[in-house]
Amino acid sequence: MTDVREKRATEAVQSKAFKRKKTPHPIWYAVAGAVLVAALTHYLPPFRNYQLATVGAYFTVTAGLTVLTGLNGQLSLGHGALMATGAYTFALAQNRWLALPLSFAAALLVTTLAGVVIGLAAARLRGPYLAGLTLAVAVVVPSVTSTFDDTFNSDMGLSIALDPPPGAVAMEQWQAWLCWTGALITALLLAVLVRGRFGRDLRAVRDDETAARLAGVHVARTQVLAFVVSAACAGLSGALFAVLAQSVSPGAFPLTLSLFLVMAIVIGGLGRLAGALCGAVLLVALPALAQTAGERSGSQRLEGNLALVIFGVVLVVVMLAAPGGLASLRLSTIFRRKR
Amino acid sequence: MDRFFYLTFDGLSRGAVYAAFALALVLIWRAARIVNFAQGAMAVAAVYVAYSVTGATGSYWLGFAAALVFGLLLGIAVEKAVMRFVDHSSPLNGVVVALGLVLITQGVLGMVYGNEYRPVTTPFRRDAFDVGGIALLSRYDVFVFAAVGAVVVALTLLFTRTAAGLRMRAAAFAPDVSRLLGVPVGGMLTLGWALAAAVGSLAGMLVVPTELGLHPTAMDVVFVSAFTAAVVGGLDSPIGAVTGGLIVGLLLSYVSGYLGATVAPMAVLLLLVVVLLGRPGGLFSSSKARLA
Amino acid sequence: MKRTTAVFLAVLLFAGACEGSSSKSGSGGGSVPGVTDSEVVVGTHMPLTGPAAAGYAKISPATKAYFDFVNAGGGIHGRKITYQVKDDAYNPATTQQVVRELVLQDKVFAILNGLGTATHSGVLDFLKTNRVPDLFVASGSRTWNQPDKYPQTFGFNPDYTVEGKILGSYVKQNLAGKRACFLGQDDDFGRDSLAGIEKILGPVAAEQSYVTSSPNVGPQMGALKAAGCEVVLLATIPGFTALSIGTAAKIGFKPQFVVSNVGADPATVSKALGAAAPLLEGVVSANYLPLTTDAPNPWIQLFKKVNDQYNGGAEFDNNVVYGMSVAYLFVQSLQAAGRDLTRDGITAAVRRNGFQGPGLVPLRFSDKDHSGYGGQQLTRIEGGKAVFFGQAWTTDDADGAVQPYTGQPVTPPQNGIPAA
């Protein structure tokens, strides 16, 4: 979980060698994260474990999306649909063979292929045109499931056969472990990937395509690759959500999900894995908090609607006050400014 | 053949609304290089205002006027209070702020009006004239065509014949040069937002009566279709927006009529893919590779 | 590095803080979750926001109002009923979340009247694993009737096939020889309904479907008109009933509409139609609960009284009657389960059945059958109000005949609260 986006390119060049030495390898973050999650799942009550698991599943997709959008500058409003692809593939594979690893592999494979197709189209498009295409992808999920309802069972969706968790592990604990295994592996691989040449290419393409091309970066290939990587993350995340819900249906992957994902990474701080984590936590915590607040107020109109308003206000305020996202807010910066 | 005519007119009358809505998107895009994802929510807010005014006064036209005025003011407010302060270094920022506005608007409308569908009245009857046994157009459809047509003409005149229109175009295409030449770039931007929001409100007023009713999320689906229309036509081109709107309306109507309603969103996606891969800047793009 | 760690720790603290806030109820109730000597906590998931909230959002307040009425009378076996309502906005993913919260966090005794087929079917396995009674699901899907697979799940509404058969037999008897066509929602609602209709009528002359995400039925109604339909059976939710009838009028298409109970509440539909509400005249539908417009009905009088006293005088429509009927049935189940309330006890009581309440036909609950009401009575809209005509009919979801039901309606107890 390194800080993958340099703040000022000029400064960064000089301090890079120096900084590189100081930053520990991402694997240590992953290990620390794993230990923390293991400890937490031990102490938390079941529902908190379930929420923790949900954070993990969200983190899997936001991590991939922040690489695509933050580091490569491609805006995708269709990641909810990619998650649905992963979830449905997982469900079909699982109901057929009842082998968890195989189903995860199938979900990854199919979403990767979908990512290649969309990525190839996306690499030709820029800005709002890309947003428009991915938006149409996001909207097409219910249509696909109803048109091919023999396979996908229309709006009803599919329920998923799952083996009970091994040993005496509680279901929610097991879900949290699965989700965080997925999330941490994803984050680790992404962190390693963006530290290397691939990460430099991503940023070069984002900042100036022409310059990147002159510098020998294959622009289209980099863009397609970025899309494929983030699609694979979305697929895995979708499969994790399928495990969490023990069912899939188009209603679980509405357009708002895709939009919420974009917001999460932006609020958290674009291009940073830490920001993606922040965003994932917010996706789980904000609706829950707003619902509690709404319930306390006792007004039915407030419930649900309050969550929307809070999410919206946070989003707008963060964008206006701290465009770098929550993860960019540092005590030290605030102090420095004060002095 | 009856059926073909019927579907054609049904598609055109919906397409006209998409066209108006796409026009609103194009207006803001030309003025500020932002795709206003909050357009749908803002339009719904305006329709709610019309609903309240019509409810209080009993007059459709007072509500109609209130919606347009409110849209105008809302556009100004959004630009002055929020969009002006957005960091435009990345095109993403504007999009995200707009999404935030969508959430706020829908939440507030839900709190004020509740989450039920409200019926909205139409100024004209919606049953169709029969021409040779085929039900073609209703008075209301004619009203829709007339309203959208009037907007297109008015905007064309504004941009080609008036000084304000020229200034707006200049401010959008070369803000720095325009500023040097004494064009109030900020003011032109506000004007663009106000106009766009008013046109969006008009589209909302036209489309809501043909849907399930008035609801905070009533324009979500319409927005997707209209956005598709604007992208198909090319975001820079008002002609493109109108053409795109009609194309999308017809396509949706034919596909749901002949193949089934479930297939329609896939047809829209296919249309987008074909158009964008053929002409990545939309059908009517003038410049070759405008990057964001 | 420090920053990332700090962020992560902040996240954990946050999670911890959330935890501290609400893990109160549930404990200290002996061995049965959600039950103490003075309280029984039940939960539900309902769409309170979003496009599906229209109409449905009124059900849970009505249920709660009836419980408050019962609580004011001292509760059941000394226990007050607490009803926890969670909004899922009709999104299955949110349903997952809120039902887990209800069961794992708030430790509810049972889930009551969870609404929606797609939403509720996602939590069946979870509820089964946690052995939570899943009572009176608010949907007419046949999914709830799987006693072997889901022994704790029970339906409430007559299933769509039963309804389809009853509407079909009305058409067969009264509109014989007319071209009958069908427009339905593209999910199990539409499919099960059509299956029931076709069991009686044979294949319909034309069949169309719609999806909720595309609020335009112009092409579909055009096709039905072109097919020369004289009777159109609708398996539609209220918004789409209004849209279909409005669109038909728009294109000069005037068939006899026969509408599923799901989408036939005249109050809801005429509101959606606005000025075009008179188009509803003569529409045939069916219902299995008393109608709000039937003022002398003792059930309506009871529910209206409760609605005025405990529901802030909310607009009294059929959703309110529905919510209170569910509450009445749950109170009956509590009474039947006895003073020593357990989860197995209440499901056993529901299986024993024998409940007599506001319903016009009997509930079908038994060891082998977990589906709710087994029939309906036909209604026609006259003067803007639905009125019953003929007699109630019962049937099953297979090939059983549609039979008249001759049982006498019961009146509510004097104090409005079912006795043990």
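Q: Which residue in E4(C) is the bridge partner of C:Ile111?
A: C:Asp134 is the bridge partner of C:Ile111. Bear in mind that this is a predicted model.

Q: How many bridges join strand E3 to strand E4 of chain C, and do they run parallel or antiparallel?
A: Two bridges join them, and the strands run parallel. E3 of chain C covers residues 110–112 and E4 of chain C covers residues 134–137.

Q: What sheet are they in, and what is the strand order?
A: An open sheet of five strands in chain C, ordered E2-E1-E3-E4-E5. The pairing is parallel.

Q: Which are the edge strands?
A: Strand E2 (80–87) and strand E5 (153–155) of chain C, each of which pairs on one side only.

Q: And how much are neighbouring strands turned against each other?
A: By 20 degrees on average, with direction ignored.

Q: Staying with chain C, what does the domain assignment give?
A: Two entries: domain 1 is made up of 39–158 + 294–373, and domain 2 is 160–287. Taken over C-alpha atoms, the centres of these domains of chain C are 28 Å apart.

Q: Switching to the chains. How many residues are in contact between chain A and chain B?
A: 39 residues of chain A and 41 residues of chain B.

Q: Which helices of chain A each supply at least two residues there?
A: H6 (127–139), H7 (141–147), H13 (255–268) and H15 (305–321) of chain A. H15(A) gives the most, with 11 residues.

Q: What's the class breakdown on the chain A side?
A: 28 nonpolar, eight polar and three charged residues make up the side of chain A that touches chain B.

Q: Now the contact of chain B with chain C: how many residues from each?
A: Chain B contributes 32 residues and chain C contributes 31.

Q: Which elements of chain B each supply at least two residues to that side?
A: Helix H1 (2–32), strands E1 (128–131) and E2 (134–138), and helix H10 (238–258) of chain B. The largest share comes from H1(B), with six residues.

Q: And how do the residues on that side of chain B divide by class?
A: Into 11 nonpolar, 12 polar and nine charged, counting the side of chain B that touches chain C.

Notes:
Residues are numbered from 1 along each chain as its sequence is written. Chains are lettered from A and ligands numbered from 1 in the order in which they are written. This is a predicted model: local features need pLDDT of at least 70, side-chain atom pairs count only at pLDDT 80 or more; totals for chains, interfaces and linings use all residues. Domain bounds come from an automatic or database domain assignment. Two residues are in contact if their C-beta atoms, placed from the backbone, lie within 7 Å. Helices (H or I, at least four residues) and strands (E, at least two) are DSSP runs, numbered from the N terminus. Ala, Val, Leu, Ile, Met, Phe, Trp, Tyr, Cys and Pro count as nonpolar, Asp, Glu, Lys and Arg as charged, and the others, Gly among them, as polar. Two strands pair if DSSP finds at least two bridges between them. Axes are lines fitted to C-alpha atoms, for helices over the stretch in contact, and angles run from 0 to 180 degrees between N-to-C directions.
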